[in-house]
Amino acid sequence: MKSQVKRVPNARGEGERLRQEILGAATRILEESGREDALSLRGVAREVGISAPSVYRHFKNKADLVTTVLDDTYHALAVAMSEAGESAAAAGAGPWERVRATVTAYRRFAIDKPRRYRLMFSLEYEPDRPPTTDHPIGTMLQAWTDTADAYLAEVVPGRRAEAQDLGVHLWTALHGQLVLWHTLPSSAAGNEAILIELEESLLRRLLPAPEAPSPAE
């Protein structure tokens, strides 16, 4: 049995640091196991070096802690995507190049943080956990909707109503490519150049071409 880590208590006003330590410990446990039932508040407390009741000062229960871990992870990926698109725009990139930059940020997150990426989409929940309507996956849906809307607004503004559908198609297709790339026993597995080529082909099929200019009167 793992012994409790001796921890130097936080000074007054450092509660946020303790909260982040709790989140970090919970994230590591969930990344390694992929199962909500492998996480316990007592185990998290032991990992951090505090008493179990101390966890309740920051999270009301285990479900709250799991949701917060996921929310932080989805938010981190959404921020990386947004910053990549904004950086490309600041450098003078066009709408196509901005989408490519966003997709690259998504890919790099999945490749550089494979356990965290798997946690976002493969976490096994406890069977008796009640369903929730505020799952943080909505953060990622919004990120892809915003990506699609920014592209459509410049290229085919008449189709901006399709932004969410297009965002979902982009997201699900790219996620599927990443999963296959990681798992298929082939020469393509682990070859990022192949993944980039697949992304390019996918984007050319999903992103609408610019609208033809209206004839001059």
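**Helix packing and the largest pocket**

Helix 4 contributes the most residues to the lining of the largest pocket, namely six, where helices (H or I, at least four residues) are DSSP runs numbered from the N terminus. The structure is a predicted model, in which local features need pLDDT of at least 70 and side-chain atom pairs count only at pLDDT 80 or more, while totals for chains, interfaces and linings use all residues. Residues are numbered from 1 along each chain as its sequence is written, and side-chain values use heavy atoms, with hydrogens and water left out.

The volume of the largest pocket is about 270 Å³. On a 1 Å grid over the protein atoms alone, a pocket is an open set of points with protein on both sides within 12 Å along at least five of seven lines, and its lining residues have an atom within 4 Å of a point; the volume is the space filled by probe spheres (1.4 Å probe) set on the points, which are joined across faces, edges and corners. The pocket is lined by 15 residues, of which Gly-85, Thr-102, Asp-146, Thr-147 and Ala-150 are the closest to its centre. Two or more lining residues come from each of helix 4, helix 5 (95-112) and helix 7.

Helix 4 (residues 62-90) and helix 7 (residues 137-155) also pack against each other, their axes coming within 8 Å and crossing at roughly 15 degrees; axes are lines fitted to C-alpha atoms over the stretch in contact, and angles run from 0 to 180 degrees between N-to-C directions. The two helices are therefore roughly parallel, a term for angles under 35 degrees. Contact (heavy atoms within 4.5 Å) involves Asp-71, Tyr-74, His-75, Leu-77, Ala-78 and Met-81 of helix 4, together with Ile-137, Thr-139, Met-140, Ala-143, Trp-144 and Thr-147 of helix 7.

From helix 1, Leu-18, Glu-21, Ile-22, Ala-25, Ala-26, Arg-28 and Ile-29 meet Val-44, Glu-47 and Val-48 in helix 2.

How values were computed
Parallel < 35°, antiparallel > 145°, perpendicular 65-115°, else oblique.
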